[in-house]
Amino acid sequence: MRKAVLVTGASSGVGLALCKRLLEEDHELHLCLACRNRSKAEAVRAALLASRPLAEVSIVQVDVSDLQSVFRASRELKQRFQRLDYVYLNAGIMPNPQLNIKALFSGLFSRKVIHMFSTAEGLLTQEDKITADGLQEVFETNVFGHFILIQELAPLLCHSDSPSQLIWTSSRNARKSNFCLEDIQHSRGQEPYSSSKYAVDLLSVAVNRNFNSRGLYSSVVCPGTMVTNMTCGILPPFVWTLLMPIIWLMDLDEDTAEKFYQSLLELEKHVRATIQKRNHQS
């Protein structure tokens, strides 16, 4: 029986590279591309099948920054699959990244220069915005949309006799100093991407504490520093080419993870109640 693998954000960057690698390792997978843009997903599907004709590659359209889209995609996946063996939670955004020039020059002449370039700590700020769901866009895209997806797909993931695996894409930019339980959406800060990636690390810990007994296991991977569409929005490609050699030379708190997980559950209840109220009114 083919193993079923779902990858969010599969049409470019890390997600696309991941899909290619998965089919290199096992060309008989059923690989499901979970993408926001269907036309891009169709093009990726065609390219993957051209190189791996024995593979089964399907598409589900989902925008993890839109909860209605997440619910709709979840229903579709539950109709198509009896189980999912692996889910790669990779989709993410870093909107309008701005380089803090003052922090850059300050860091260049400090002992933390290698650390600064390898993690981008203090270098990047972003302009976040509110989604139609009333949530911070980075938080909803990188964390909460995926959290709801997991909750909705639990029947496909929780099989104690044959465990499933969640794999989250984290970042070297994930910083505890940018995350706060009193502001999990980072609405009052300027580094929502860093906060969201640290939240992903916490959430993976909490998922293991809450779901291992049901046959679902979670892990986090950090792809390191890569030149993708996201990083090219910060600096031009030729600058990254110069920086890469420098970068290459260069304990999570479980109680905090559990508190964050409970905060997400409370937010989920509130969001579901709001959606139900909206549906009744319409």
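The points below go from the sheet to its helices and then to the nonpolar cores.

1. Basis. This is a predicted model, in which local features need pLDDT of at least 70 and side-chain atom pairs count only at pLDDT 80 or more, while totals for chains, interfaces and linings use all residues. Residues are numbered from 1 along each chain as its sequence is written, and side-chain values use heavy atoms, with hydrogens and water left out.

2. The sheet. Six strands, in the order E3-E2-E1-E4-E7-E8, make up an open sheet with parallel pairing; strands here are DSSP runs of E with at least two residues, helices are runs of H or I with at least four, both numbered from the N terminus, and two strands pair if DSSP finds at least two bridges between them. At the edges lie E3 (56-61) and E8 (216-221), each of which pairs on one side only. On average, neighbouring strands are turned by 20° against each other, direction ignored, where axes are lines fitted to C-alpha atoms (for helices over the stretch in contact) and angles run from 0 to 180 degrees between N-to-C directions.

3. Strand E1 and its partners. E1 (residues 4-8) is joined to E2 (residues 30-35) by five bridges in the parallel sense, with Val7 opposite Leu33 and Thr8 opposite Ala34. Towards E4 (residues 86-89), E1 pairs over three bridges, also parallel, and Val5 stands opposite Tyr86.

4. Burial of E1. Five of the five residues of E1 are buried, that is, under 20% relative accessible area with a 1.4 Å probe, protein chains only. Ala4, Leu6 and Thr8 point one way, whereas Val5 and Val7 point the other way; in a regular strand the side chains alternate between the two faces of the sheet.

5. Helix H8 (residues 192-211) lies across E7 (164-169) and E8, running at about 160° to E8.

6. Cores. The largest nonpolar core has 52 residues, of which Leu6, Leu84, Phe144, Leu166, Leu203 and Phe260 touch the most other members; such a core is a set of buried Ala, Val, Leu, Ile, Met, Phe, Trp, Tyr and Cys residues joined through side-chain atoms within 4.5 Å. H8 gives the most to this core, with nine residues. Apart from it lies another core of 20 residues, including Ala41, Leu48, Val57 and Ile167.

Note on methods. Contact = heavy atoms within 4.5 Å. Buried < 20%, exposed > 50% of the residue type's maximum accessible area, 1.4 Å probe, protein only.
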